[in-house]
Amino acid sequence: MLVTALSIFLGGLGLFFAIFFAKTHRLKRMASSIPGPKGLPFFGNGLEIGTSSADFIPYFHKMYNQYKSCYRIWILHNLIVFVNSVEDYKNMLSDRKVMKKAYVYDYMTPFLGDGLVTSSGEKWKHDRKKLAPFFYFSTLKLYIDTQSKNIDTMIKKLSSYVDTPEFNILPVTMYCALESILTTSVSTMVDCSKIKALLEFTKFAQQTTSYRMLRPWFGIDSLFWISRVRRSEKRCIENMHRILKGFIDNREKTSQTERNSHPSLLDMLLDLKDKNIFTEKDVVDGLITIISAGSDTTATSTSLTCWLLAKHPDIQEKVMEELDEIFGNSNRPTTYEDIVQMKYLERVIKESLRLYPIVPMFGRKLKEDYKTGNYTIPAGANVFVFVWGIHRDPEIFPDPEKFDPDRFLPKNLVNRNDLCYMPFSCGPRNCIGQKYALLFMKSAISGILRKYKLLPGTIPLNFHADVTLYPSTGVNLRLSKRSSIEEI
């Protein structure tokens, strides 16, 4: 009996390795001419990246500086090629044949379903076209009043931190960002417990993705599905779907007249469902993707911009001069027209996103061989662009560690390739919500500055890269009250 069991085990193991080497044979042969570090048999370079998602950025930044044009690494059977030349990745990312996301996005599919982040092919093209109108400026400006109310609530919460020791502003902006995107997505106020559950879901989804990336053996679905983390993932997803189903059921009970007078993303999704253009699963996937992808990203970027302004009081003062020109000594709510006038603040935000791109790298999976520079990358390879490295390349951005909003003055953009700056990705699969993010950040940061002066803390930033950039030490600063502004 033991001999039979051992024979079956060894036979299965042999079959596994036979399939593994068959899948990688062509990739290895074609990738042999692409430079890159030597890896271990079977595991490739997966074990040298590090033991935590905090190791991602230092490792890939070192590799970016070592291999300026192009390099490859292996994680199990996954060939990953980083393309660093602007002209090379410009051609690739604008090519509509290179639309499928890289393999790591498969780890997010249990959470996000077939939403815009994870879907590909005709489904992605169809869904993007149908959802795009919600993110037009003409639509988003309708939600400025609602957004302003949420930001006012955040500003009042921040009053408890005035003249206290440094504190982490990120949880405060995170709550506000999620509350704002929920009120515009589902057109209803959401209770605190559900907001906290959604925040936990978003963080867990990202941590699970990096967990699998750092443990190459969990790239094999059959091994991951029997793991403890998978069981936690399953419970998290079930809880999330219960909350979303509640939003959908409540909105479907709302009269059509009310839905027409206060339209939301969910109303748009339900309208597509009523017309048999979307299924119920499409509604859930679309809603969960927009909520998850649009909340912590804008909150983190808002917090980091505040941190930079606290460290650079001269730049903070220039922002205040602009706000004084727009608002004077008034406490009136922010309007869309006010946000349009915030030109210097916009440059501040852009420079913050250069230093701290919320998605520090992104990738695509090739369906056919692709010629780039001096190399041919084989079909099946995952091609990545390391945004963090490009944004900090001294040949592109002189003195790259310096926080200088004037880099984005029109005269300084003339000789710089647009694709040297990619905080929202680029090409056809760029971030659909970038206009929303910019509106929220301008509104939130201007609101904070009209009420408070930002002062630096002492705790330095330290980052994890769990799909998006996350400050593991928090975003710590101090507040003092601006005496010239009356109580909100």
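Me: Which element gives the largest share of the lining of the largest pocket?
Reply: H20 does, with three residues. This is a predicted model, in which local features need pLDDT of at least 70, side-chain atom pairs count only at pLDDT 80 or more, and totals for chains, interfaces and linings use all residues. Residues are numbered from 1 along each chain as its sequence is written, and side-chain values use heavy atoms, without hydrogens and water.

Me: What makes a site a pocket?
Reply: On a 1 Å grid over the protein atoms alone, a pocket is an open set of points with protein on both sides within 12 Å along at least five of seven lines, and a lining residue has an atom within 4 Å of a point. The largest pocket has a volume of about 440 Å³, where volume means the space filled by probe spheres set on the points. Of its 18 lining residues, those closest to the centre include Lys-350 and Asp-418.

Me: Why are S2 and S7 called paired?
Reply: Two strands (E runs in DSSP of at least two residues) pair if DSSP finds at least two bridges between them. Strand S2 (residues 78–83) and strand S7 (residues 382–386) have three bridges, in the parallel sense, and therefore meet that definition. Val-81 stands opposite Val-383 in S7.

Me: What makes S1 and S4 edge strands?
Reply: In the open sheet of four strands, the order is S1-S2-S7-S4, with mixed pairing. Strand S1 (70–75) and strand S4 (361–365) each pair on one side only.

Terms used
On a 1 Å grid over the protein atoms alone, a cavity is a set of points where a 1.4 Å probe fits but cannot get out, and a pocket is an open set with protein on both sides within 12 Å along at least five of seven lines; lining residues have an atom within 4 Å of a point.
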